[in-house]
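Me: Got a model loaded here and want to go through how its parts pack. Can you take my questions as they come?

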Amino acid sequence: MSDLNHGDGTDMPDGADMSTATNAGEGVVAEVFADATQMMGSSGEVMIDVEAVDKFFGDFQALKNINMKVGKQEVVVVIGPSGSGKSTLIRCINRLEAHDRGRITVDGVELSDDIRNIQEIRRETGMVFQSFNLFPHLTVLENVTLAPRQVRRTPKAKAEAAAMELLERVKIPEQARKFPGQLSGGQQQRVAIARSLAMNPKVILFDEPTSALDPEMIKEVLDTMQELASSGMTMICVTHEMGFAREVADRVVFMSDGQIVEVGTPEHFFENPREERTKAFLAQIL
């Protein structure tokens, strides 16, 4: 990224956004030197478009004027301290949370209160949670085939054949007839990924998918996610796994206090971060 001088000696990444946002309840205006609307490593087609999005929980403003584009086949990793708005952002993208102001568009469909739009976006947007969210009374195979059979009306035999291919892909086909409680945490998360893939989504959102796992199980999940990224899946991943961000991300977005603070390539983030908040965060976790 080329440098621009802000006029006070601060170097800024090319295309930086000099918009301002006010911290709710404090009246303090914070400058945001980041542009998350410039896509990298993608086909050039916009898959997700977030425009001037605000989100409140009562009097607390969780998202402040968020602007971000994600291109088709792009991998965006979102990092930041707890409470920075990372999970709220991706939960707004598939309407698990309703944003209060601004626009969110996924593959040309704008999120609104129209249940048909919400359902259309959810059909095309997979979500992987940190807590797996598998149905404990269903087998692995039944968990993976449930949505295709119920939502897309896929015949049972066809859904099961596709599910077995996906379980092969995430390297746990031998677990198909077991129940989630019989699996390790890493295996359960890979089932959750297979379940998301079963709907043939255009986008997968990951909300800290390894945070609930024991250290020895993290690598198997990250390997699965890396394979997905290399296959061309459009992904937004909220994570604290900096090795994954360094190796797989096309872009890294750093959030703090409900704002996008800094955006860049992994090389930019890990070798030459500009913002003091970014530097302080990385110093704590690297």
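Me: What does α5 lie across, and at what angle does α5 run to β10?
Reply: α5 lies across β10 and β11, and α5 runs at about 170° to β10. Contact means heavy atoms within 4.5 Å. Axes are lines fitted to C-alpha atoms, for helices over the stretch in contact, with angles from 0 to 180 degrees between N-to-C directions. Helices (H or I, at least four residues) and strands (E, at least two) are DSSP runs, numbered from the N terminus.

Me: Where do the numbers come from?
Reply: This is a predicted model, in which local features need pLDDT of at least 70 and side-chain atom pairs count only at pLDDT 80 or more, while totals for chains, interfaces and linings use all residues. Residues are numbered from 1 along each chain as its sequence is written, and side-chain values use heavy atoms, with hydrogens and water left out.

Me: What is the strand order in the open sheet of six strands?
Reply: The order is β10-β11-β12-β7-β13-β14, with mixed pairing. Two strands pair if DSSP finds at least two bridges between them.

Me: Which strands stand at the edges?
Reply: β10 (125–128) and β14 (259–264) do; each has a single partner strand, so one side of each has no neighbour in the sheet. From one strand to the next, the twist averages 20°.

Me: How do β11 and β12 pair, parallel or antiparallel?
Reply: Parallel, over five bridges, with β12 covering residues 234–238. F206 has C237 in β12 as its bridge partner.

Me: Back to helices. At what angle do α3 and α5 cross?
Reply: Roughly 25°, with the axes of α3 (residues 140–150) and α5 (residues 185–197) coming within 8 Å. That makes α3 roughly parallel to α5, a label for angles under 35 degrees.

Me: Which residues meet there?
Reply: V140, N143 and V144 in α3 meet V191, A194 and R195 in α5. The contact residues divide into four nonpolar, one polar and one charged.

Me: Different topic. How many salt bridges are there in the whole structure?
Reply: A search finds 15, where a salt bridge is a side-chain nitrogen of Lys or Arg within 4 Å of a carboxyl oxygen of Asp or Glu. One of them joins the side chains of D107 and K202 at 2.5 Å, N to O.

Me: How many residues apart are D107 and K202?
Reply: They are 95 residues apart: D107 is in the loop between β8 (101–106) and β9 (109–110), and K202 is in the loop between α5 and β11 (203–207).

Methods
Parallel < 35°, antiparallel > 145°, perpendicular 65-115°, else oblique. Nonpolar A, V, L, I, M, F, W, Y, C, P; charged D, E, K, R; others polar.
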